[in-house]
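Trainee: I'm new to this structure and would like a close look at a single part, the sheet. Could you walk me through the sheet and the salt bridges around it?

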Amino acid sequence: MATYEYVCPDCGRFDVHLPIGTAPASRDCLTCGRDAHRAFSPPNIYRTHPALSGAFDREERSREAPEVVSGVPHRRSPRPPHPALAHLPRP
């Protein structure tokens with residue numbers, strides 16, 4: 001379903017959800033019933049979070065030229081246990 005925008009001379013803009021390609025050039029206003037003309041607006045495009053965008057870019061680059069690892073990665077030092085875990089029963 002696509003979202004189509006119409007402009008009523010009295011009520012202003014309103015949106016209608018219709019199958020793609022089925023929107024008429026004019027339509028009755030949902031509030032007052034007057035003739036409303038279709039308005040063309042930019043598509044609703046969402047911006048991707050920079051971290052997610054970077055992950056997509058790295059994944060795409062790795063298809064053609066994967067990074068070569070020269071050794072085993074270092075292990076992180078273990079984190080101290082959470083204080084709430086100290087109260088749990090031990091096996």
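Mentor: Let's start with the whole chain and then go into the sheet and its salt bridges. A quick word on what you're looking at: this is a predicted model, where local features need pLDDT of at least 70 and side-chain atom pairs count only at pLDDT 80 or more, while totals for chains, interfaces and linings use all residues. Residues are numbered from 1 along each chain as its sequence is written, and side-chain values use heavy atoms, with hydrogens and water left out.

Going from the N terminus, you pass the elements as β-β-β-β-α. The radius of gyration, taken over C-alpha atoms, is set against a globule rule of 2.2 Å times the number of residues to the power 0.38. For this chain the radius is 28 Å, well over the 12 Å that the rule gives for 91 residues, so the chain is more spread out than a compact globule. Its C-alpha atoms fill a box of roughly 70 × 45 × 20 Å along the principal axes. Of the 91 residues, 14% count as buried; buried means under 20% relative accessible area, exposed means over 50%, and partly exposed lies in between, with a 1.4 Å probe and protein chains only.

Now for the sheet. It is open, has 4 strands in the order S2-S1-S4-S3, and its pairing is antiparallel; two strands pair if DSSP finds at least two bridges between them. Strand S2 (12–18) and strand S3 (26–28) are at the edges with a single partner strand each, so one side of each has no neighbour in the sheet.

Take S1 and S2 next. They run antiparallel and are joined by 7 bridges, and a hairpin of 3 residues leads from S1 to S2. In this pair, Tyr4 sits opposite Val16 in S2. S1 (residues 2–8) also pairs with S4 (residues 35–39), again antiparallel, over 3 bridges. There, Glu5 has Ala39 in S4 as its bridge partner.

Glu5 leads us to the salt bridges. The rule asks for a side-chain nitrogen of Lys or Arg within 4 Å of a carboxyl oxygen of Asp or Glu, and the count comes to 3. In one of them, Glu5 meets Arg13, with the closest N and O atoms 3.1 Å apart. Which of the two is buried? Glu5 is, with a relative accessible area of 16%, while Arg13 is exposed at 56%.

Another salt bridge brings together Arg34 and Asp10, at 2.8 Å from N to O. This pair links distant parts of the chain, 24 residues apart: Arg34 is in the loop between S3 and S4, and Asp10 is in the loop between S1 and S2. Arg34 is partly exposed, with 41% relative accessibility, and Asp10 is exposed at 52%.

For contrast, look at the helix. In H1 (residues 50–64), Arg63 and Glu59 are 4 residues apart, which means about one helical turn separates them. Their side chains form a salt bridge of 3.2 Å, N to O. Arg63 is exposed, with a relative accessible area of 59%, whereas Glu59 is partly exposed at 39%.

How values were computed. Helices (H or I, at least four residues) and strands (E, at least two) are DSSP runs, numbered from the N terminus.
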